[in-house]
Amino acid sequence: MTDAPLVLGIETSCDETGVGIVHGTELLFDAIASSVDEHARFGGVVPEVASRAHLEAMVPTIERACREAGVALTDLDGIAVTSGPGLAGPLMVGVASAKALAVALGLPIYGVNHLASHVAVDIVEHGPLPEPTMAMLVSGGHSSLLLVPDVTHDIRSLGSTIDDAAGEAFDKVARVLGLPFPGGPHIDRAASDGQITIDFPRGLSTRKDMERHRFDFSFSGLKTAVTRWVQAEQAAGRDVPVADVAASFQEAVVDILTRKAVLACTEHDVAALQVGGGVAANSRLRAMAQQRCDDAGIQLRVPRPGLCTDNGAMVASLGAQMMLKGRPASDLSLPADSSLPVTDVRTGLPVHVDHDHAH
């Protein structure tokens, strides 16, 4: 394909309606409509509220993306959409919208994996991904270490969270500390004024754990330890040093994430680490990852914060890579799969296509 494909990507796996337009490897525009304020009063994302918000935001967000990118729908070469994993209702809104566009415009549709998209978005920021790349995705729903020989069809899971994801732990600890939802940015901000004075546990880091769960993560015990520490201070009638607790908790999360990511790179002889997902916007995570990668001689790639959280650009970027590499499009019967495994980079493939040898 000599001419770079123009792809529109739709992302609705959680509470952000994302529409991005990518031309080959160039991001033209990324439009996001967030319903986060509607969920804040519930202290978490309510799937039914998110689904309705996606329905209301979809057409205006597509129109805004096209307007800002200077692109007409008839200029497009393909449509890409997150078909999983994520919340079932929100995913259905995105998939149905993408199918409608594909049918109306007579375009190929690519149902893509949300996690693979987080890896692919780095291409529009820093150019082609080294093959292989190690990817660490850290968000409210996922903490995953992935070996990525080819982002369009070969992603291997090395480890993931066995209980709470890192972002979920940030939200829950923020609630314990009386900080607003979503917790990540508020803990990051509070931690910048605090000292690391409390030695909170690092999950799955003992020698025995490392034998069984070498590249897995666990944040449930850490979250409980923070809660108990805060409750003990309150019971003793002392003021809780919010900034110090935030800094100490954040350090425990970031330490274990970066330690295991760098270990995965060295053990699998991979020279590049890409970090994505909402928690990748955390300033301490970025700083420690940079320091440890520099020490180990590993190239660190982290997209700018706006491309780390869920967005349409990442979906469009992966769709464009599919087209550039000549991967087959999805069938119009493609489903929304809330528990789609990361190893399935594309969904809804025609039945006769051999997954492993599809080119």
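Is alanine 72 buried, partly exposed or exposed?

1. The coordinates under discussion are those of a predicted model. In that model, alanine 72 is partly exposed, because its relative accessible area is 33%, whereas buried means under 20% and exposed over 50%.

2. As to its location, alanine 72 belongs to the loop between α2 (47-69) and β4 (78-84). Arginine 286 lies 214 residues from alanine 72 along the chain, and a distance of 37 Å separates the C-alpha atoms of the two residues.

3. The next points concern strand β2 (residues 16-23). Of its 8 residues, 7 are buried, so the strand is largely enclosed by the rest of the structure.

4. One partner of β2 is strand β1 (residues 6-11): the two strands run antiparallel and are joined by 6 bridges. Within this pairing, valine 7 is placed opposite valine 22 of β2. The two strands make up a hairpin, with 4 residues between them.

5. Strand β3 (residues 26-34) also pairs with β2 in an antiparallel arrangement, here through 8 bridges. Valine 19 has alanine 31, in β3, as its bridge partner. The hairpin of β2 and β3 has 2 residues between the strands, and glycine 24 in this hairpin adopts a positive phi near 70°.

Conventions
Residues are numbered from 1 along each chain as its sequence is written. This is a predicted model: local features need pLDDT of at least 70, side-chain atom pairs count only at pLDDT 80 or more; totals for chains, interfaces and linings use all residues. Side-chain values use heavy atoms; hydrogens and water are left out. Buried means under 20% relative accessible area, exposed over 50%, partly exposed in between (1.4 Å probe, protein chains only). Two strands pair if DSSP finds at least two bridges between them.
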